[in-house]
Amino acid sequence: INKNYAVELGWYYLPGVNVARSGSSTLTSWALYLAAKYMVPLGWHDTDWFSKIGVMYRTANLPSAMVTQYNTTTGNTSYVRPVFATGFDMGFASAWNAILQYAYFMGARNSFPHTATNTGSMGTVAANVITLGLGYKFMM
């Protein structure tokens with residue numbers, strides 16, 4: 001929008017989580033987000049500190065063996081939650097920048113309902129993600 005404010009659309013394939021009581025079975029998840037980004041210039045080699053707040057659409061997939069083991073009604077779920085991030089970016093060309101970021105993707109306590117009525121549900125864990133990235137700024 002201007003030098004200090006931006007709107008960002010992003011996507012993450014989130015780290016897998018082993019959900020098996022014994023052995024290995026991985027819950028997979030991804031998140032698509034839209035966030036407002038505020039940047040503060042630091043005055044060192046075109047470096048900015050930034051923070052983001054927005055909304056994410058997240059999906060999670062439970063392996064079929066775990067659907068049976070945990071007695072859930074489904075192995076797929078999706079939900080909408082807030083997303084938060086902070087970090088640094090450093091410009092090295094007119095529109096390109098390197099990014100170091102911490103992002104928090106909220107979980108959901110009711111992601112996978114149990115088959116028996118009134119027994120609650122299995123949740124999806126939150127994801128704390130640190131990333132190194134490459135960004136491109138579209139100028140309007």
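**Pocket and cavity of the predicted model**

Strand β1 makes the greatest contribution to the lining of the largest pocket, supplying eight residues; strands (E, at least two residues) are DSSP runs numbered from the N terminus. The structure is a predicted model, in which local features need pLDDT of at least 70 and side-chain atom pairs count only at pLDDT 80 or more, whereas totals for chains, interfaces and linings use all residues. Residues are numbered from 1 along each chain as its sequence is written, and side-chain values use heavy atoms, with hydrogens and water left out.

On a 1 Å grid over the protein atoms alone, a pocket is an open set of points with protein on both sides within 12 Å along at least five of seven lines, a cavity is a set where a 1.4 Å probe fits but cannot get out, and lining residues have an atom within 4 Å of a point. Points are joined across faces, edges and corners, and a volume is the space filled by probe spheres set on them.

The largest pocket holds about 1000 Å³ of space. Its lining comprises 37 residues, of which A6, V7, Y136, K137 and F138 are the closest to its centre. At least two lining residues come from each of β1 (5–18), β2, β3, β5 and β8 (127–136). By class, 21 are nonpolar (Ala, Val, Leu, Ile, Met, Phe, Trp, Tyr, Cys and Pro), seven charged (Asp, Glu, Lys and Arg) and nine polar (the others, Gly among them).

One cavity of 30 Å³ or more was counted. The volume of the largest cavity is about 50 Å³, and its lining includes Y12, Y33, K52 and F105.

Definitions and conventions. Helices (H or I, at least four residues) and strands (E, at least two) are DSSP runs, numbered from the N terminus.
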